[in-house]
Structure formats: C-alpha cells, structure tokens
Amino acid sequence: MKYSVIGCGASGMTTAISAVRSGIRPSDITVYEASDKCGRKILATGNGRCNLGNELLEPGMFYSESGDVSKFTGDIISRVSISDIKDFFETLGIITVSKNGYLYPRSMQALTVTEALKNECTELGIIIDTSCVCTGIVRSGAGFELTVNGKKKYSDVVVLSCGLGSGGFGIKNADIFAVLDDLGIKYIKPLPALCGLDVSDDMRTVKGVRAPGRVSLYVSDKFCAADEGELQFTEKAVSGIPVFQISRMAGRALNKGEKCTLFLDLLSEYDETMVMDIIEDRIRRFSKREMYFAFNGILNNKLMSYIMKRSGISDKDIAGSLDEASKKRFAGCLKGLKFNVKNIQAADKAQTMSGGVDLSVIGGGMEIKDIPGLYVTGELIDVDGKCGGYNLYLAWATGLICGRSLKR
Ligand SMILES: Cc1cc2nc3c(=O)[nH]c(=O)nc-3n(C[C@H](O)[C@H](O)[C@H](O)COP(=O)(O)OP(=O)(O)OC[C@H]3O[C@@H](n4cnc5c(N)ncnc54)[C@H](O)[C@@H]3O)c2cc1C
C-alpha cells in the first residue's frame with residue numbers, strides 16, 4: 001500500500017507519526033510539502049512559544065459553518081483528550097506546561113515542537129519530500145493519481161493535511177479548491193478568522209497603542225458577540241485577542257453583505273454612572289486644566305486624545321468649559337467607541353480560517369464518506385477554534401485519529 005500525506009504541517013506530521021505507530025510501514029508513507037521546510041507555521045504560533053492546546057477543552061470552543069460542530073468536536077474530544085495530547089508530546093520528548101490552562105512546551109519555544117515532530121518522522125523513517133506541490137488528485141482504480149510538481153504518482157490512500165493558507169504560510173490555496181472540486185468534495189468557502197478588523201476611521205494617532213477593554217460586535221444593528229482583553233490599534237484596524245475572537249463572526253457577516261459595527265468599552269470595569277461620576281469629578285477638581293491634563297492617567301494618552309477628538313472635544317479645551325452635551329458624548333465614547341467595520345484582514349494576517357471541508361462529508365476516522373481512501377485533517381476541515389490553543393489541538397487530534405484509522 002502507498003500512502004500520501006499532502007502537507008507537512010502540524011496535522012500532516014502528526015498523521016504520519018500516528019500511522020506508523022499504528023502499524024503502517026514508514027517506507028509506505030510519503031509526506032509532500034510545498035515549501036522547502038516542514039512545520040513552518042508552527043514556528044509562528046503563540047508568538048514563537050506555541051500554545052499547543054488548552055486544558056479547558058469542550059465543543060463550545062469551536063465553530064463551524066457546515067454541520068453539528070458540537071457533535072463533531074465532541075466526538076474528537078472523547079477520542080483525544082488533552083491528557084492524550086500531553087502524552088503524545090511526552091513521547092516526542094516535549095514536556096508541556098500549563099499557564100492558566102493554556103498549554104505550551106516547557107521550553108517556551110515553538111521551534112522545539114517543530115523539531116520534535118520532524119525528528120520523530122525522520123527517526124521512524126517516514127519519507128518527507130519538501131518543495132513538492134500537489135496540484136491534482138483524481139480517482140484512479142481503487143486509489144488516486146496525484147500530480148506533484150507536474151509529475152503523476154499513484155497512491156492507494158491520500159490524506160489532505162494542507163491547511164487553508166492562514167498566516168501566509170503554504171502556497172496559494174486556489175489549487176486545493178480545484179482539487180476538491182474535481183473530487184466532488186463539498187466545502188464551505190474559507191474566510192480569515194482570528195485576525196484584526198479593518199475599520200473606516202483614520203487611526204494614525206493611535207497606531208501601536210494597546211489598552212484593556214471590551215469589544216462588542218453588532219451585525220445589522222443586533223448584538224452578535226463580545227470579548228474582553230488587550231485591544232490593539234493599527235493605522236487602519238482594531239486588533240488584539242478579543243477582536244480575534246469575534247472576527248470570524250464579522251467575516252461571515254461581511255461576506256453576506258451585512259453591516260458590522262464594533263463598540264469598544266475602554267473603561268469596562270466601570271458602569272455608565274461611574275464613568276459620568278469620574279468625568280464630573282475630574283472637571284470639578286481640575287477645572288482650569290486643559291482636557292489632556294484633567295484626564296491624564298486614566299487611559300493611554302494617545303487613546304484618550306483620540307477619544308476626545310471623536311467626542312468633538314479638543315484635548316486643549318479647558319475642562320471647566322465642557323457643556324453637558326459634550327460630557328455625555330465623551331462618556332458615550334469611553335464606554336462605546338463606535339467603529340464601522342470595512343473588512344476582515346487578509347488570510348496572511350489570520351491565525352486560522354473559517355470554512356473548509358463540509359462536516360457532513362467527513363466520517364469518524366476523518367475519511368471522506370463517499371471516497372474511501374481519502375482523508376482530511378487539521379485546518380482544512382470546516383472547524384475553527386477560539387484563540388488559545390484550540391486550532392493546534394484540532395490539528396494534532398485529527399492527525400492522531402486519522403493516522404490510527406489508516407490501518408485497515
Ligand atoms: C501567526 C499564527 C499564530 C498561531 N498561533 C496559534 C497558537 O498559538 N495556538 C493554536 O492552537 N493555533 C495557532 N495558530 C493556528 C495553527 O497554526 C493552525 O491551526 C495549524 O498550523 C493548522 O495545522 P495544519 O497542519 O492543518 O495546517 P498548516 O499548519 O497550514 O500546514 C499545512 C502544510 O501544507 C502545505 N501545503 C499546502 N498546500 C500544499 C500542496 N498543495 N502541496 C503540498 N503541500 C501543501 C503548507 O505549506 C503547510 O506546510 C496560529 C496560526 C498563525 C498563522
């Protein structure tokens with residue numbers, strides 16, 4: 001039997017290792033990798049530290065556009081627990097540590113994770129062909145004919161572990177959709193997820209600012225989702241983990257032509273009345289100061305000046321001269337700074353993609369139900385996890401399950 005794994009990323013390497021550990025001869029497996037190195041995306045994960053899983057593992061941490069995500073991920077979790085992930089890494093020599101439930105290699109280096117996976121593949125004798133792009137897969141007898149770097153190759157079994165191109169790693173994924181179309185595999189159009197959102201305002205003055213706060217997303221003026229944490233501002237985008245967490249909903253809504261609005265609460269620990277009390281108190285105590293100095297020390301100074309501007313106030317205005325309407329606008333902006341979302345950021349700025357191969361066509365062993373011998377793993381599956389180790393968990397877990405189910 002000849003087995004081909006397309007993609008030598010997190011899920012591809014895990015699939016190959018799991019297959020050999022389940023009894024498949026390593027020399028029967030070839031992993032084709034488009035780029036010249038394996039596991040390049042892993043190096044970028046968790047800011048170079050690789051947040052490889054999360055101890056709070058439940059179906060509610062995952063989304064899908066195509067099917068019953070709770071059933072699909074519940075089934076995966078029941079077969080690959082977070083202890084199984086720790087054990088898997090232990091077998092590779094990686095000690096995992098938990099930081100408030102977020103799992104990392106003890107080395108705090110993503111590099112050590114990539115190297116451990118690569119080394120295990122090499123020691124097991126798995127063949128890895130880098131700089132090999134698969135551009136075609138058609139059914140051929142009981143197996144498949146692959147086109148790799150323009151050459152035809154036969155394989156009895158094919159595992160698609162090629163991701164959806166998030167983070168700008170890998171090749172343009174247009175090829176993989178042509179492949180899915182040719183094979184008649186149902187998929188949901190992928191869109192970036194876990195990324196910033198481009199807004200219509202000019203934010204040059206707050207570029208690079210980070211501040212704690214709560215972001216709420218409204219779709220067609222209805223509340224959709226919210227998250228809290230460190231917000232980040234770029235020239236054109238609102239970003240940071242809380243924005244990442246709601247970005248997939250915004251991306252999907254924008255794709256349907258729906259209006260998306262963000263409201264940032266930059267004083268989320270205070271309610272509206274308390275914010276108004278703070279404003280009144282500062283104006284009373286520092287009535288002769290310029291607004292900039294009267295409100296100094298509450299927020300990042302650039303952000304505070306920006307909020308004042310958005311409230312129709314100059315940071316040079318004298319605090320005591322503020323009228324009631326300005327105070328209300330100011331309080332409103334501090335508790336709900338509004339942004340119209342123009343776009344979701346591009347795939348190369350995203351940590352994952354929503355969409356992918358439709359859950360209804362994937363069997364328990366990650367095999368495509370109507371195409372025996374063809375499997376899918378990782379990001380290519382229409383499940384995207386929240387930020388916090390959930391996407392790598394999916395890559396490892398689907399790889400482990402797939403590898404085990406290859407042995408018939
Ligand atoms: C910046 C960044 C930070 C992240 N941080 C985290 C984190 O801390 N925790 C977390 O859980 N997740 C994180 N993720 C998400 C995580 O990296 C992905 O979910 C995971 O890598 C998906 O694994 P995969 O094997 O399915 O796909 P990939 O890792 O994308 O691997 C697919 C491989 O297939 C190759 N390939 C593609 N097409 C072809 C082809 N036609 N022929 C041959 N080879 C092909 C690609 O070159 C690539 O190497 C992050 C992502 C990014 C971009």
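Predicted model: local features only at pLDDT ≥ 70, side-chain atom pairs only at ≥ 80, totals over all residues.
User: How is the protein chain divided into domains, and where are their bounds?

Analyst: A domain may be built from separate stretches of the chain, as the assignment for domain 1 shows: 3–192 + 351–406. Domain 2 covers 196–344. Taken over C-alpha atoms, the centres of domain 1 and domain 2 are 39 Å apart. Eight residues from domain 1 and eight residues from domain 2 form the contact. On the side of domain 1 that touches domain 2, four residues are nonpolar, two polar and two charged.

User: What is the order of the strands in the sheet of five strands?

Analyst: The order is E7-E2-E1-E11-E20, in an open sheet with parallel pairing. Strand E7 (127–129) and strand E20 (374–376) are the edge strands, each pairing on one side only. On average, neighbouring strands of this sheet are turned by 20 degrees against each other, direction ignored.

User: How many bridges join E1 to E11?

Analyst: Strand E1 (residues 3–6) and strand E11 (residues 157–160) run parallel and are joined by four bridges.

User: Which strands does H1 lie across?

Analyst: H1 lies across E1, strand E2 (29–32) and E11. Its direction is at about 175 degrees to E2. H1 also meets helix H5 (residues 110–124): the two axes come within 10 Å and cross at roughly 35 degrees. This crossing is left-handed.

User: Which residues of H1 and H5 meet?

Analyst: From H1 there are Met13, Ala16, Ile17 and Val20, and from H5 there are Leu117, Lys118, Glu120, Cys121 and Leu124. This contact of H1 with H5 has seven nonpolar, no polar and two charged residues.

User: What is the order of the strands in the sheet of three strands, and which are its edge strands?

Analyst: In a regular strand, side chains alternate between the two faces of the sheet. Here the order is E8-E9-E10, in an open sheet with antiparallel pairing. The edges are strand E8 (134–140) and strand E10 (151–155), each of which pairs on one side only. The twist from one strand to the next averages 25 degrees. Strand E9 (residues 143–148) runs antiparallel to E10, and five bridges join them. Threonine 147 is opposite lysine 152 in E10.

User: Which residue in the hairpin of E5 and E6 takes a positive phi?

Analyst: Asparagine 100 does, with phi near 55 degrees, in a hairpin with two residues between the strands. Strand E5 (residues 96–99) runs antiparallel to E6, with four bridges joining them. Valine 97 is opposite tyrosine 104 in E6. Strand E6 (residues 102–105) is also joined to strand E3 (residues 53–54), by two bridges and again antiparallel. In that pairing, asparagine 54 has tyrosine 102 of E6 as its bridge partner.

How values were computed
Residues numbered from 1 in each chain as written. Pairing = 2+ DSSP bridges. Axes fitted to C-alpha atoms, helices over the stretch in contact; angles between N-to-C directions. Domains from an automatic or database assignment. Contact = placed C-beta atoms within 7 Å. Nonpolar A, V, L, I, M, F, W, Y, C, P; charged D, E, K, R; others polar. Left-handed = near helix turned anticlockwise from the far one by under 90°.
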